Amino acid sequence: MRQHRIAAIPADGIGPEVIASGLEVLDAVAARDGGFSLAVDRYDWGSDWYRKHGAMMPPDGLAWLRTADAIYFGAVGDPNLPDHVTLWGLRLAICQGLDQYANVRPTRILPGVASPLRDAAPGDLDWLIIRENSEGEYAGHGGRAHRGLPEEVATETAIFTRRGVERIFTFAFEQARARRRKHLTVVTKSNAQRHGMVFWDEIGALVASRFPDVTWEKELVDAMAARMVRRPASIDTVVATNLHADILSDLAAALAGSMGIAPTANIDPERRGPSMFEPIHGSAFDITGKGIANPVGSLWSAGMMLEHLGEKPAADLLMRAVEQVCAAGIVTPDLGGRATTKEVTRAMCEAVRGTNLEPTANHRTTA
Ligand code: IPM
Ligand code: MG
């Protein structure tokens with residue numbers, strides 16, 4: 001039997017709730033599949049850890065994570081700690097420390113989920129956003145001087161390296177090639193940003209020449225935002241810088257119905273270390289502990305994790321369960337339903353086991 005070692009980091013806010021849900025459903029998937037098992041190491045790192053130890057994770061944290069085949073992450077962020085401290089101390093420390101340079105964000109309108117786009121049918125919005133995940137605007141390059149004085153200055157410099165840009169374009173073209181439409185939209189802002197973004201475009205064109213079977217185009221990021229709303233069906237695979245894709249992927253998640261369903265994978269395509277899978281939503285302190293967090297984002301992320309681990313049939317099984325439960329209207333309040341996290345989780349496990357779903361009439365409050 002194949003065994004995969006998973007490092008689970010539930011961390012802050014609703015993270016523990018959605019990771020518990022994901023681990024329960026993963027167990028059901030493994031039992032049904034029968035070909036593999038998961039060994040889970042749980043790490044209690046995050047903001048509470050910070051309050052006790054003065055750091056978001058131990059100094060040898062990355063070494064622990066390197067022993068895993070994949071990392072399953074909840075959410076990070078605390079109302080009483082600065083966001084840049086919690087984020088750089090954990091999530092970015094892992095992504096950058098393990099050089100997970102490709103961030104993958106699929107977006108689809110799941111059956112039973114209503115998109116705010118008036119005329120969008122489920123098939124009209126089926127996107128794969130590839131986000132550069134190691135440099136760009138998140139390189140952390142900059143500083144402040146003359147603190148508190150009238151001449152105080154702050155710089156935040158975006159970094160684009162030939163190697164960094166080339167490898168993300170290569171990954172994006174490969175992803176586009178693997179999809180039915182074989183079409184890649186390169187998001188840029190080279191009309192206004194004439195150094196880094198012009199460089200980005202040039203390398204995009206160079207890499208494109210190695211993929212003659214993939215059609216591609218450039219789109220300015222502002223125009224892309226409008227196009228996502230007005231012509232969603234014209235988009236398939238998208239590659240964008242760290243910040244541009246951060247913003248566009250929130251828009252994508254909202255257009256697909258809820259931030260609560262969107263998954264993401266932080267991938268090291270070269271597999272030098274583990275990749276990390278997490279819902280795109282944050283710690284959501286307003287609903288923490290209420291038992292109504294939407295686990296779909298973390299479940300879809302778990303599906304991506306299984307696929308990365310080579311368990312494609314199990315990943316498909318999990319996604320079929322997600323679609324079936326959503327279609328049955330067993331959804332949390334962010335999707336207009338009344339189900340709790342536990343009820344959704346139970347329905348997912350039942351769907352995985354192949355038993356019938358409970359009657360749905362009472363679960364949904366809106367059409
Ligand atoms: C995301 C998140 C993070 C980001 C936040 C938490 C800093 O929005 O994964 O998209 O901007 O990278
Ligand atoms: Mg974001």
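Leu 87, Arg 91, Arg 105, Arg 131, Tyr 138 and Asp 246 surround ligand 1, each with a heavy atom within 4 Å of the ligand. The model is predicted, with local features needing pLDDT of at least 70, side-chain atom pairs counting only at pLDDT 80 or more, and totals for chains, interfaces and linings using all residues. Residues are numbered from 1 along each chain as its sequence is written, chains are lettered from A and ligands numbered from 1 in the order in which they are written, and side-chain values use heavy atoms, leaving out hydrogens and water.

- The shell around ligand 1 holds 2 nonpolar, no polar and 4 charged residues; Leu and Tyr count as nonpolar, Asp and Arg as charged.
- For Asp 246, a side-chain N or O atom is 2.8 Å from an oxygen atom of ligand 1, and for Arg 91 the distance from a polar side-chain atom to a ligand oxygen is 3.4 Å.
- The protein buries 72% of the 310 Å² that ligand 1 exposes when taken alone, as computed by the Shrake-Rupley method with a 1.4 Å probe.

**Cysteines**

- The whole structure contains 0 disulfides, the criterion being a pair of cysteine sulfur atoms within 2.5 Å.
- Cys 349 is in no disulfide, and the nearest cysteine sulfur, that of Cys 326, lies 14 Å away.
- Cys 349 is buried at 3% relative accessible area, where buried means under 20% (1.4 Å probe, protein chains only).
- Cys 95 also counts as buried, with a relative accessibility of 1%.

Technical notes. A polar contact is a pair of N or O atoms within 3.5 Å; within protein, one must be able to donate a hydrogen and the other to accept it, and residues adjacent in sequence count only if both atoms are side-chain atoms. Buried means under 20% relative accessible area, exposed over 50%, partly exposed in between (1.4 Å probe, protein chains only).
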